Amino acid sequence: MQATTNWEQLLYLYGGDQPWDSSLWVTSDDRVRGGASQSHLFVINPEKARFYGHLDTNALGGAGFASQHSLGVLDWDLSGYEAGVVVAVAQADGKRYALTLKDEIPPPRDDGREEAGVSWEAEFAVRQDGSDLDLKHVYLPWSAFKPTYRGRPKPDAKPLDLSSVKRVGLMMRSFFGDQEGDFSIDIHAVAARREIPEGGGVKGEAAEDGDEDEDDPKAAAPPKKLQARRRNLLSRLFCGFGLL
């Protein structure tokens, strides 16, 4: 029996057809808790951003975090992208990073600071060698996102609501003393993904006449006005950004 080939559809969150913009990111480091860590997000060009900084673990006795997260409150529906998230990395330092999601944003405290809330974190690390011509694709299924509260597991959290993602973030943290110091990672794109079986039709949905027109806007209606782009072959993932 011939194996079925799965196509892929990507919804770019950052990068690709959603150019990086540093003004859409906010710093959230452990300085709000008396720490000394510091992070930055620098847009090298619309197709690539650098998340970098210094993680200090002395001020907080072995703990620490440095992060950047999306500005304001998003309203993203990613529930149709059952395969999870893919991150295209150009260069990294081998350290452990976390991609974070929130489906609820707690109200601010009386002093204006944000209350701590549940974050869903998926950890990943990319080896140090690499270049723009040797992209590394990190695949994070939704099952890889684990609920945390103040950096610790929160197993009693309710399931992540993918139909109402309010925040996306990039985080470097000590994992309670496991890492510290300077960090840097260059990212081309972050995208939600879903698989489309050979013969057409989104996985889990019926296809009409056994085929699907990729140019038909009704065949891939973007949720919440986000632009979706289909990529037909795995080897084409995140290649040729200048043509997007």
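## Glu195 and Arg193

At 21% relative accessibility, Glu195 is partly exposed in this predicted model. Its salt-bridge partner is Arg193, with 4.0 Å between the closest N and O atoms. Arg193 is buried, at a relative accessible area of 9%.

## Other salt bridges

Eight salt bridges are found in a search of the whole structure. One of them pairs the side chains of Asp186 and Arg50, at 2.7 Å from N to O. Asp186 belongs to strand 13 (residues 181–197) and Arg50 to strand 4 (residues 48–55), so this contact ties together parts that are 136 residues apart in sequence. Asp186 is buried, with a relative accessible area of 2%, whereas Arg50 is partly exposed at 29%.

Lys154 and Asp156 also meet through their side chains in a salt bridge, with an N to O distance of 3.3 Å. Lys154 is partly exposed, at 27% relative accessibility. Asp156 is exposed, with a relative accessible area of 61%.

## Nonpolar surface patch

Phe42, Ile44 and Tyr52 make up a nonpolar patch on the surface. Together the three residues have about 250 Å² of accessible area. Ile44 is part of strand 3, which covers residues 38–45. With a relative accessible area of 31%, Ile44 is partly exposed.

Technical notes: Residues are numbered from 1 along each chain as its sequence is written. This is a predicted model: local features need pLDDT of at least 70, side-chain atom pairs count only at pLDDT 80 or more; totals for chains, interfaces and linings use all residues. Side-chain values use heavy atoms; hydrogens and water are left out. Patches are made of residues with over 30% relative accessible area and no salt bridge: like charges are joined within 9 Å, nonpolar side chains (Val, Leu, Ile, Met, Phe, Trp, Tyr) within 5 Å. Accessible areas come from the Shrake-Rupley method with a 1.4 Å probe; for residues, only the protein chains shown count as cover. Helices (H or I, at least four residues) and strands (E, at least two) are DSSP runs, numbered from the N terminus. Buried means under 20% relative accessible area, exposed over 50%, partly exposed in between (1.4 Å probe, protein chains only).
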